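Here is a short briefing to read alongside the structure. Please keep the sequence and the 3D view open as you go.

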Amino acid sequence: MGSIISTLKSTASAISAGLKTVLTLHKQFSSLLERASSEPGFPVPQSTKSYWLDDPPFPALCDIRDDKLPSEVDIVVIGSGITGAAVTKSLLELSNSSLRVVVCEARQLCSGATGRNGGHIKSAPYDEFAMFKSKLGPENARRIVRFKRRHLEMMKQLGKGIEVAEVREVETVDVFVEREDFEKAKNQVEDVRAWMPEEKHRVWEAEEARKEFGLNELVVGAVTYTAGALWPYRLVTSVWNDLLERFSGLSINTHTPVEKVSHNPDGSYTVTTPRGVIKAKHVIHTTNAHAGQLLPPVRGCVVGAIAHMSAQRPGSSFPPTQGNRSWSVIYSPGFDYITQRPDRPDGTPGDLMIGGGFFRSKEDGLDQVGIWDDSKNHALPLMHIRGVMPSVYEPNWGTGSSLIKAWTGIIGFTGDLMPLVGRAPGSKGSGEWMAAGFCGEGMVNSIPMSLLNMMPEERIDSWRQRVPSRMDREDPFEGDHFDERPSTRLVYSPPDKLLSAILTMPRQTFRDVSPPEARPSTRLGFFRAATPMFGRSSTPSSTRPASSMMQRRVEGKRRSFLSLLTRKRKRKEPEEIPRDPVRLNFLFVGSKAAGQTSLLFRSRYGYFPDSNAFSRPLFETYVNERIYHNQPLTYIEWDAVFLCFDISDKISMYTIIQWWHHASSQGFTKSASFAPLLYLVGLKKDLRDQCFLEDHQTGSAFSSSGLLAYPTCCICSSEATWQATRIGAHKYIECSAATGEGMKEVIDDSGREAMRRLVGGQVPEEEVIPKKKRRFF
């Protein structure tokens with residue numbers, strides 16, 4: 001008996017511990033969501049001291065600023081990192097020195113993520129090819145990987161003649177400490193060799209890797225290929241110095257944070273700073289993780305995450321590399337990244353630049369997301385990166401190793417790990433642009449995106465067509481032990497201006513349950529009676545315009561009058577004919593100006609609404625409250641939910657997807673019986689069909705030149721279909737309320753499916769109808 005009691009106590013303790021763990025995870029994730037959707041704020045004034053910022057090559061540029069801000073310019077660039085430098089360089093060199101450009105930086109020049117990263121120019125062809133191949137096919141995956149691999153040569157060309165930047169090509173070694181990870185990498189290498197023979201990979205088994213690179217028995221294998229390394233701060237400041245010497249129209253103002261960007265009636269923009277205002281024709285946001293501060297629609301779509309870096313002196317026995325090698329120590333669910341500076345003039349080895357440890361924090365990485373403060377170090381990630389190289393190299397490490405400096409930086413993450421580049425979402429004009437969300441790969445993506453060959457007369461206006469776009473990627477947090485989180489975890493919507501259009505037919509249903517008007521009495525009235533004899537439902541028909549969804553007739557051949565006199569009538573099965581009015585509750589939700597109101601108008605009245613005939617927007621149904629206030633919607637059991645977005649606006653799609661993630665996890669799950677049909681609906685399909693780019697019309701993700709053709713404008717059907725699969729939607733549908741294309745599928749087909757589920761799940765008991773004696777007359 002005592003053993004039974006002891007077993008019960010142990011079981012109860014285990015259950016209690018499990019519940020505590022679940023509650024803790026829920027609390028941590030809720031806190032993450034709240035942080036990720038908040039305002040990023042401005043860069044903190046007192047940040048940690050980065051190794052890269054020591055001994056600047058141009059001290060006069062650190063705090064450069066004009067005595068007085070210019071009142072009117074052509075372009076204002078917000079941010080002085082590598083993206084801002086590359087965009088400014090491209091525009092000035094292609095404009096024949098005719099542009100007036102002002103660069104505004106909140107802190108010292110290039111003191112953000114560019115001055116704090118790992119100095120690694122690296123993309124893994126075998127891993128990225130496998131990732132894109134599963135979503136886009138091998139041909140498209142090859143094009144993307146080749147585009148990203150162009151960055152190395154472009155970086156080397158940019159750094160040519162800038163010796164202090166230490167731009168160089170290196171051999172990179174991906175070190176694996178888990179057998180499963182290594183076997184997966186070997187299969188990926190074999191696959192990429194068949195499709196991209198120009199990419200040279202070499203696989204090293206455990207003994208080969210230990211002998212070649214001096215690694216110890218903890219390593220199970222390695223993969224080598226080419227990458228790059230550099231001193232990022234010195235490269236970017238050298239570019240700024242060169243531009244200032246060559247272009248008199250360039251002005252750089254540090255310690256000048258931009259507080260507000262407003263659109264003027266004449267099409268220009270007013271940029272407000274603590275030192276005054278600037279009027280500009282164009283504004284370019286290159287603030288990466290802080291983009292949401294000035295662009296509210298981006299809040300949550302680009303989320304800050306803190307990353308840790310260190311500079312360490314290697315041990316006395318560390319194998320020499322002369323600065324021509326870099327490493328990545330790969331383990332589930334993360335990795336660490338290491339470069340080594342070239343040897344000093346006296347022959348001593350260069351310092352090791354080691355970063356990583358993201359998932360080694362107190363909350364396994366959750367507490368590192370939604371952070372925009374780089375003024376402090378976190379103990380656990382720093383302890384991890386302090387010991388990663390000795391762990392895989394001992395006994396070939398030796399003594400004398402020391403920590404020179406440790407610091408943090410802020411990475412701008414997006415949900416699919418692809419950057420947001422193009423027109424700024426939510427901008428009222430056509431002259432506001434952004435390049436942000438590089439997900440720790442700014443050294444890989446910023447230069448190729450910004451230095452594409454644009455004609456001088458096109459300048460910024462051609463940016464939308466020339467830069468790569470966000471593409472489908474696998475779950476960026478796969479294998480991080482939080483599989484219950486929403487699939488697009490970091491794609492969060494702005495907290496306001498989400499509009500919720502609910503289809504409010506009488507009593508919020510698609511059927512009018514009010515009593516119908518009485519039919520006039522006639523001698524032949526029984527022939528028109530809605531009785532089972534003539535194959536019609538006994539439900540009174542609605543006075544609204546008929547549609548196949550609102551008046552569901554029982555299919556079957558109608559009997560003629562003579563057939564009633566000569567043949568015996570078959571009894572209709574009662575369960576096929578609903579006796580009571582069927583009520584369907586449909587919820588339409590969409591971001592502001594997505595077009596769901598026009599969709600409902602056309603489905604009701606049969607034509608597209610003319611907004612010019614009204615003094616205010618027709619049926620304006622959006623709400624300004626925060627998206628989390630969806631409590632009233634939980635009191636209705638919806639048969640179908642339609643997540644509507646504007647096909648010509650990517651932010652619109654990501655906004656409504658995030659709303660659904662929050663609503664389904666917070667409000668709608670209160671009812672255990674809630675299992676609606678979920679549709680992802682792309683509206684304004686005609687806008688994509690009218691796009692002058694051929695690739696937009698065909699729905700292909702690539703142009704004839706091999707570059708991605710979709711910036712932040714049109715959404716291809718394959719991208720939306722993939723997103724629908726990720727959120728568990730029943731189907732993805734496209735339509736246009738203006739042309740009527742696809743309307744039948746959205747309204748009729750979805751209604752029929754909802755009716756099938758409703759009737760099929762609630763079939764009434766068979767009704768016993770007494771057989772009547774048939775009389776001839």
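**Overall picture**

Of the contacts in the protein between residues at least 6 apart in sequence, 78% link residues at least 24 apart. Please keep in mind that this is a predicted model. The protein has 777 residues, and 52% of them count as buried. Its secondary structure comprises 20 helices and 21 strands.

**Confidence**

- The average pLDDT of the protein is 75, and 68% of the residues reach a score of at least 70.
- Among the elements, strand 2 (residues 101–104) has the highest mean pLDDT, at 96, while helix 13 (residues 525–528) has the lowest, at 31.
- Residues 692–712 have a pLDDT below 50, and this stretch makes 63 contacts in the model beyond near neighbours in sequence.
- Over residues 761–768 the pLDDT also stays under 50, and here the model has seven contacts beyond four places in sequence.

**Helix 3 against helix 4**

- How do you describe two packed helices? The angle between their axes and the distance between the axes are what is used.
- For helix 3 (residues 125–136) and helix 4 (residues 138–149), the angle is about 145° and the axes lie 7 Å apart.
- The crossing of helix 3 and helix 4 is right-handed.
- On the helix 3 side, the contact is made by Pro125, Glu128, Phe129, Phe132, Lys133 and Leu136.
- Facing them from helix 4 are Pro138, Asn140, Ala141, Arg142, Ile144, Val145, Lys148 and Arg149.
- Sorted by class, the contact of helix 3 with helix 4 has eight nonpolar residues, five charged residues and one polar residue.

**Gln188 in helix 6**

- You will find Gln188 in helix 6 (residues 179–195).
- Is Gln188 buried or exposed? Its relative accessibility is 12%, so Gln188 counts as buried, the cut-off being under 20%.
- Leaving aside residues up to four places away in sequence, Gln188 touches Tyr126, Asp127 and Ala130.

**Cysteines**

- How many disulfides does the structure hold? The count is zero.
- As a reminder, a disulfide is a covalent bond between the sulfur atoms of two cysteines.
- Cys62 has a relative accessible area of 9%, and therefore it is buried.
- Cys104 is buried too, because its relative accessible area is 2%.
- Cys104 is also a residue whose number falls in strand 2 (residues 101–104), the element with the highest mean pLDDT.

Terms used:
Residues numbered from 1 in each chain as written. Predicted model: local features only at pLDDT ≥ 70, side-chain atom pairs only at ≥ 80, totals over all residues. Heavy atoms only, no water. pLDDT = per-residue confidence, 0-100. Helix = DSSP H or I, 4+ residues; strand = E, 2+ residues; numbered from the N terminus. Contact = heavy atoms within 4.5 Å. Axes fitted to C-alpha atoms, helices over the stretch in contact; angles between N-to-C directions. Left-handed = near helix turned anticlockwise from the far one by under 90°. Nonpolar A, V, L, I, M, F, W, Y, C, P; charged D, E, K, R; others polar. Disulfide = S-S within 2.5 Å. Buried < 20%, exposed > 50% of the residue type's maximum accessible area, 1.4 Å probe, protein only.
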